[in-house]
Every structure is written in C-alpha cells, then in structure tokens.
Amino acid sequence: MDSLEILDEKLTECPANSEDAGRSSVCEGCPGQTLCRMQGGADPDQEIIDVRMGAIKHKVLILSGKGGVGKSTVAYLLSLALARCQSSKVGVVDLDICGPSIPKLFNVENQPIVQSPYGWKPLVSPNEDVKVMSVGSMLDSDTTSVIFRGPRKTGLIKRFLKDTFWGKLDFLICDTPPGTSDEHMAIVKLLKNVKPDGAILVTTPQEVAVATIKKEISFCRKMGVAVLGLVENMSGLVCPCCKETSEVFPGRGVVSLAESHNIPILGSLPMDPKVTECCENDRNPLENYPESPTVQGIMEISSRLIGLVNNG
Amino acid sequence: MADIPQNAPDHCPGTGSDQAGKSTACQGCPNQNVCATKPKGPDPDVGDITEKMSKIKHKLIILSGKGGVGKSTFTAHLAHGLSSDNDKQIGVLDVDICGPSLPKIFGVEGEQVHQSGSGWSPVYVDDNLSLMSVGFLLSKADEAVIWRGPKKNGMIKQFLRDVDWGEIDYLLIDTPPGTSDEHLSIAQYLKESDVDGAIVITTPQEVALLDVRKEITFCRKVDLPIIGVVENMSSFVCPKCKVSTQIFPASTGGGQKMAEDMNVPFLGSLPLDPRIGKCCDEGKSFLTEVPDSPATQAYKQIMSKIVEYCTKRNENRESDSGEMKTN
C-alpha cells in the first residue's frame with residue numbers, strides 16, 4: 001500500500017476517543033500514540049466533576065466547525081434570554097482557551113477570579129446575573145496570549161468543571177472554540193456521566209460554513225452527543241438606513257442540511273448593528289432593543305430549547 | 001536554556017530539559033506525561049523541512065487569533081492575485097486540520113493527491129497555483145477529523161516535509177484560529193526556514209481585536225516577523241441604498257488603531273462585499289469575477305504592499321550576504 005492509502009485508513013479509524021486509544025493496531029507509529037495510551041483508566045477527578053455537574057439541570061454545548069459564525073455571541077444572547085424570559089439560573093463556561101471572548105461579552109472584564117472554600121467563584125455578569133468562567137479572566141492583560149498545547153488546555157477545562165463553585169443552576173452553556181479537537185473531546189468525556197442534553201450547532205448561511213457543520217454533526221454522532229438543533233446566524237442584515245434586508249453571506253445550505261440530516265432549525269438570527277454595538281459596549285441588548293429582530297429571534301430559540309430539554 | 005511555559009508549576013525544569021516530566025515539580029502538571037515521554041534532542045525532520053523550504057523563495061503565514069475573520073478567504077485571493085503574474089509559481093498549504101476550507105474556496109473539492117518519487121504532489125488549481133490540504137485526504141468530505149494535538153502536529157510535519165512543491169516563488173500557509181498546537185508546530189518546524197513573515201487578519205470589532213492582540217504576542221514570542229495587519233469586513237455597502245454600514249463596529253478604533261498600539265504595520269482595510277462569500281462558495285476568484293468592486297481594489301493594494309515587503313527583504317538579505325562576502 002502506498003503511503004496515501006495508509007493515511008486514509010488511519011484517518012477514518014483513529015480511535016482517539018474510545019477505549020482503544022493508543023492501543024489499536026492503527027496506532028502504531030502515530031505521534032499521538034503514547035499520549036492516547038495515557039489517557040485511559042479511571043480519573044479520580046471525575047467523581048468531583050460528576051457531583052458539581054449533577055447540581056446543574058441542563059448542560060448544553062454550543063458548537064460549530066467554523067470559526068467566527070457567532071458561537072460566543074449565541075451563547076451570550078441565549079443565556080440572557082434563558083435568564084430573563086425563562087427565569088432560569090444560567091452559567092456559561094468558556095472552553096475557548098486561546099481566544100476567550102466571553103468576559104468581554106458578559107461585561108466581566110478586569111474582574112478577578114476569587115477562591116472560596118467551595119472552589120473558584122464564577123464571575124457574575126451584570127447582565128441577568130449569569131455566572132461566567134473563562135481563562136480570559138485569569139490573564140493579566142488582554143495582550144497576554146495563552147499558548148497551550150492540547151493536554152494543558154484539557155487540564156484547564158477540567159479545572160473549570162471540577163474547581164468552579166457553580167452551585168445549583170438550571171443551565172450550563174458550554175461555549176467552545178471552532179473545530180473538533182482536544183477541547184471538544186475533553187468536554188464530552190468529562191460530562192459523559194452526567195448526560196449533557198446535547199449540542200446546538202451554529203452556522204452562517206454560506207456553503208463554506210455549512211460544509212464544516214456536517215463535520216460537526218459527524219463529531220456529535222461519533223461521540224454520542226445529541227444534536228438539539230441548528231441556529232443560522234448572520235442570516236441577513238437589516239440596513240439601518242433603508243430597512244431592507246440584504247444578504248451578507250449568501251447561501252441556502254442550512255435548510256437543506258436540516259432536512260437531509262433530520263435536525264430541527266431552532267431559529268435564524270439576522271445581523272443587527274444595534275445588537276452588535278451592545279455586545280461591544282457592555283450593554284444588555286435584551287433590555288435596550290427588545291424589538292430588534294435578533295432579540296426576537298433569540299427569545300424564540302430559548303423557548304424552543306426549553307421545550308426540547310424538558311421533553312427530552 | 002530549556003523553555004519554561006507561562007503558567008508552568010513553580011520550579012518547572014523546562015520542557016526541553018532532561019528532567020522534563022520527571023522532576024518532583026512536575027507532579028500534577030497536566031503536561032507531565034507529554035514532557036516525560038517526548039524524545040529529547042533536535043528533530044531530524046526539521047532538517048528535511050528546512051531543505052524543502054529552501055527551494056521556496058518566500059514563505060508567508062496567514063494568522064488570526066479569531067475565527068471567521070477571513071483568513072482562508074484572504075489566503076485564497078492573495079494566491080489568485082499573486083498567480084495572475086504567469087511567471088510566478090504559487091503554493092498554498094492549508095494547515096487547518098479540523099476545518100479545511102481551501103479546497104472548496106479554490107473549487108477543487110474532491111480532487112486526489114498523488115504520490116511520486118519526490119513526495120506528495122499538491123493539487124493544481126491553475127498552471128501556476130497549487131494547494132495541499134487535509135481536505136483532499138478524507139474519504140468523505142463530511143467526515144470529522146477528531147484528532148488530539150500530537151496527531152495534528154504529525155500531519156503538519158508530513159505536509160511540510162513530504163509535499164513536493166518544486167521551486168516556487170511564494171508559499172502561503174493558512175492556519176486555523178488560535179495559538180495552540182498547529183501554530184506552535186508551524187513555528188517550530190519552520191524556525192530554520194527563514195519565513196518572511198506573518199499577515200494577521202482581523203475584523204474591526206473589539207471581540208476580534210482581543211484575540212488578535214494575543215496572536216501578535218504569540219508571533220513575538222516565537223520570533224515570527226509580522227508583515228502587517230489586515231482589517232477585513234470593514235464595512236458593508238447596502239446594495240439597495242448604497243449606504244455603508246459597519247456590521248462589526250470599530251468601537252475601539254478597529255484594526256488600524258490596534259496595529260498602532262501594538263506597533264505593527266497596518267496593511268489596509270477590506271470592505272465586505274456579499275459577492276466575495278458567493279465566489280468562495282462557488283470556488284471562483286472574486287478578483288476576476290468582480291474586478292470593479294472596491295474590495296478588489298483594496299485587495300490589490302494590500303497585495304502590492306506584501307510583495308514590496310518580500311522584495312525588500314530579499315534585497316536586504318542579498319546585500320547583507322554580499323557585505324559578508326566582501327568582509
């Protein structure tokens with residue numbers, strides 16, 4: 001077999017996320033073999049994580065194959081909508097270690113993380129009292145870069161779940177970085193005993209984005225995570241001048257994707273410069289622009305989500 | 001001196017030292033197992049990579065801390081622009097293992113990579129423009145590549161070592177967002193390959209700038225010269241009333257102010273034209289499809305600044321080595 005065929009076999013058979021990690025015949029010669037072998041076995045921290053996570057009714061992942069589609073923005077708006085309109089107690093954990101956007105969105109920048117006898121106290125956002133944990137809040141300055149390889153990122157994510165005193169919550173929203181790598185495998189593995197409700201997949205309309213969503217669906221299927229539904233973000237732009245809706249990222253892929261994979265569309269969010277401006281300037285868009293189509297959209301998505309997780 | 005990462009435990013012996021992973025200070029560090037089992041000493045593959053890269057005149061890395069700012073779009077159009085000069089040979093390497101967009105953007109999805117005696121042949125988009133991406137190696141395009149860091153690093157190393165680009169003028173390396181395994185690997189494997197520099201892409205809003213500042217810090221830490229910052233999606237022109245809207249408001253001064261604050265050159269701004277996204281979906285070059293768009297003009301201006309940087313760098317290098325010879 002020439003080397004390209006072998007590569008193809010290894011790509012589809014990599015058992016990194018299973019019990020055979022590092023031990024299967026396809027693992028021979030793989031640079032990650034030793035690391036995978038060491039990942040197996042019982043984890044003493046898992047019990048503590050199970051207890052902490054057990055106090056939280058619903059755990060929802062926000063995923064996307066593609067960067068920049070608005071995962072963090074959707075996580076932010078959704079958590080506000082759940083807290084405000086559905087009277088839920090909500091926490092958000094930011095699993096994007098290299099590019100943490102959550103502290104800025106939730107207006108908790110420059111607040112230090114304090115240790116309590118029960119663990120790290122999550123920051124509380126002035127917007128709807130959402131509890132927040134992010135590596136962004138642990139950095140001295142916003143130019144400090146977190147240059148971690150996989151195992152260190154995984155280690156920090158574990159601490160976010162194990163060492164944070166989340167308390168009793170209705171929802172824990174897990175914002176993720178783009179891709180299907182260490183962070184995603186870590187969160188699925190750490191939450192497996194407490195059965196997360198599932199994942200919301202965020203995309204923008206254009207095909208380049210929708211193509212990577214298919215990979216994310218494939219990831220969820222392989223890892224046994226339920227797909228709660230799709231959110232189409234940046235579905236159009238309402239021009240503040242003439243009020244006409246224009247397509248910024250043209251494409252029709254989301255509807256056909258939803259049909260072909262039998263996944264519900266939870267909602268579509270157009271771009272509203274007023275909402276974006278709120279996100280930049282620490283203001284609560286639900287409070288300031290309740291009539292915005294984006295705010296209306298996220299409120300519908302939050303009530304659909306409540307329906308799904310309570311019936312599931 | 002072995003390198004000690006930020007946030008390492010106290011008395012960390014350094015990831016490159018003989019005591020890495022084995023010292024008492026290493027207990028409890030999440031990286032302990034990796035340090036203990038990593039082979040020490042120089043990596044022989046770096047030599048092979050350096051040799052391959054020596055046949056390439058200019059190596060450019062396109063980075064951003066933030067996802068979705070248009071790295072791949074920019075890389076593809078920079079490649080199209082550079083290859084419009086038929087005398088130049090351009091190669092593009094896509095090291096986004098989990099979300100490889102470039103085969104689609106170039107309109108070569110589904111193509112096969114072939115192996116020859118001298119290595120893997122990249123896929124030719126045009127006579128003088130070739131591409132290598134993990135997207136070509138997947139049996140199904142919808143298949144997720146769920147790899148941990150070391151496996152991704154291994155793939156990137158193979159790409160750098162085994163792809164037979166030939167003697168080309170420019171190699172553009174498109175990266176995924178972040179400052180993690182892929183970026184560290186690229187910096188590590190290319191450290192002796194004399195990379196011309198990095199082009200950092202951002203969008204105007206502060207949420208993006210936050211991540212991009214970190215990326216600039218990363219470049220400085222790994223001694224990667226920064227050619228400059230490009231601000232993408234600067235403004236959107238409503239096709240109906242022609243009024244310009246800032247979709248991503250530059251609430252803190254945008255890319256230009258950030259570049260000034262971080263003391264790096266600002267290469268220019270690119271407006272958001274919906275036809276760009278459409279061209280990417282269709283695998284076409286926006287520069288040839290919509291030559292009269294303000295975005296096309298902006299691309300060309302930024303491109304000429306990048307070419308000027310590379311040419312000047314070459315001249316400086318040649319005059320330095322000339323001086324050394326006469327000395």
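Buried means under 20% relative accessible area, exposed over 50% and partly exposed in between, with a 1.4 Å probe and protein chains only.

This is a predicted model: local features need pLDDT of at least 70, side-chain atom pairs count only at pLDDT 80 or more, and totals for chains, interfaces and linings use all residues. Residues are numbered from 1 along each chain as its sequence is written, chains are lettered from A and ligands numbered from 1 in the order in which they are written, and side-chain values use heavy atoms, with hydrogens and water left out.

**Exercise 1. Aromatic pairs**

Task: Classify the pair of A:Trp120 and A:Phe160, then that of B:Trp120 and B:Phe159.

Solution. 
- Step 1. Take the cut-offs. Rings of Phe, Tyr and Trp (its six-membered ring) pair if their centres lie within 6.5 Å; planes under 30 degrees apart count as stacked, over 60 as edge-to-face and the rest as tilted.
- Step 2. Take the total. Over all chains, the structure holds five aromatic pairs.
- Step 3. Read chain A. A:Trp120 and A:Phe160 are 6.4 Å apart centre to centre, with 65° between the planes, and the pair is edge-to-face.
- Step 4. Place the residues. A:Trp120 is in strand E4 (residues 119–121) of chain A and A:Phe160 in helix H6 of chain A; the pair links distant parts of the chain, 40 residues apart. Helices (H or I, at least four residues) and strands (E, at least two) are DSSP runs, numbered from the N terminus.
- Step 5. Check burial. A:Trp120 is buried at 11% relative accessible area. A:Phe160 is buried too, at 0%.
- Step 6. Read chain B. The ring centres of B:Trp120 and B:Phe159 are 6.1 Å apart and the planes stand at 80°, so this pair is edge-to-face.
- Step 7. B:Trp120 lies in strand E4 (residues 119–121) of chain B and B:Phe159 in helix H5 (residues 149–162) of chain B, so the pair ties together parts 39 residues apart in sequence.
- Step 8. Check burial again. B:Trp120 has 2% relative accessibility and counts as buried. B:Phe159, at 0%, counts as buried.

**Exercise 2. A helix crossing**

Task: Describe how helix H3 (residues 45–54) and helix H6 (residues 150–162) of chain A cross.

Solution. 
- Step 1. Get the geometry. The two axes come within 8 Å and cross at roughly 50°. Axes are lines fitted to C-alpha atoms, for helices over the stretch in contact, and angles run from 0 to 180 degrees between N-to-C directions.
- Step 2. Name the angle. Under 35 degrees counts as roughly parallel, over 145 as roughly antiparallel, 65 to 115 as roughly perpendicular and the rest as oblique. H3(A) and H6(A) are therefore oblique to each other.
- Step 3. List the contacts (heavy atoms within 4.5 Å). A:Asp45, A:Ile48, A:Ile49, A:Arg52 and A:Met53 in H3(A) meet A:Lys158, A:Leu161 and A:Lys162 in H6(A).
- Step 4. Sort by class. The contact has four nonpolar, no polar and four charged residues. Ala, Val, Leu, Ile, Met, Phe, Trp, Tyr, Cys and Pro count as nonpolar, Asp, Glu, Lys and Arg as charged, and the others, Gly among them, as polar.

**Exercise 3. A covered strand**

Task: Work out how strand E2 (residues 90–94) of chain A is covered and paired.

Solution. 
- Step 1. Count. Five of the five residues in E2(A) are buried.
- Step 2. Find the partners. E2(A) runs parallel to strand E7 (residues 169–175) of chain A, joined by five bridges. Strands pair if DSSP finds at least two bridges between them.
- Step 3. Pick a bridge. A:Asp94 has A:Asp175 in E7(A) as its bridge partner.
- Step 4. A:Lys131 in E6(A) stands opposite A:Gly91.

**Exercise 4. The sheet of chain B**

Task: Give the strand order of the open sheet in chain B and identify its edges.

Solution. 
- Step 1. Order. Eight strands run E5-E6-E2-E7-E1-E8-E9-E12, with mixed pairing.
- Step 2. Edges. Strand E5 (123–126) and strand E12 (266–269) each have a single partner strand, so one side of each is left without a neighbour in the sheet.
- Step 3. Twist. The average is 20° from one strand to the next.
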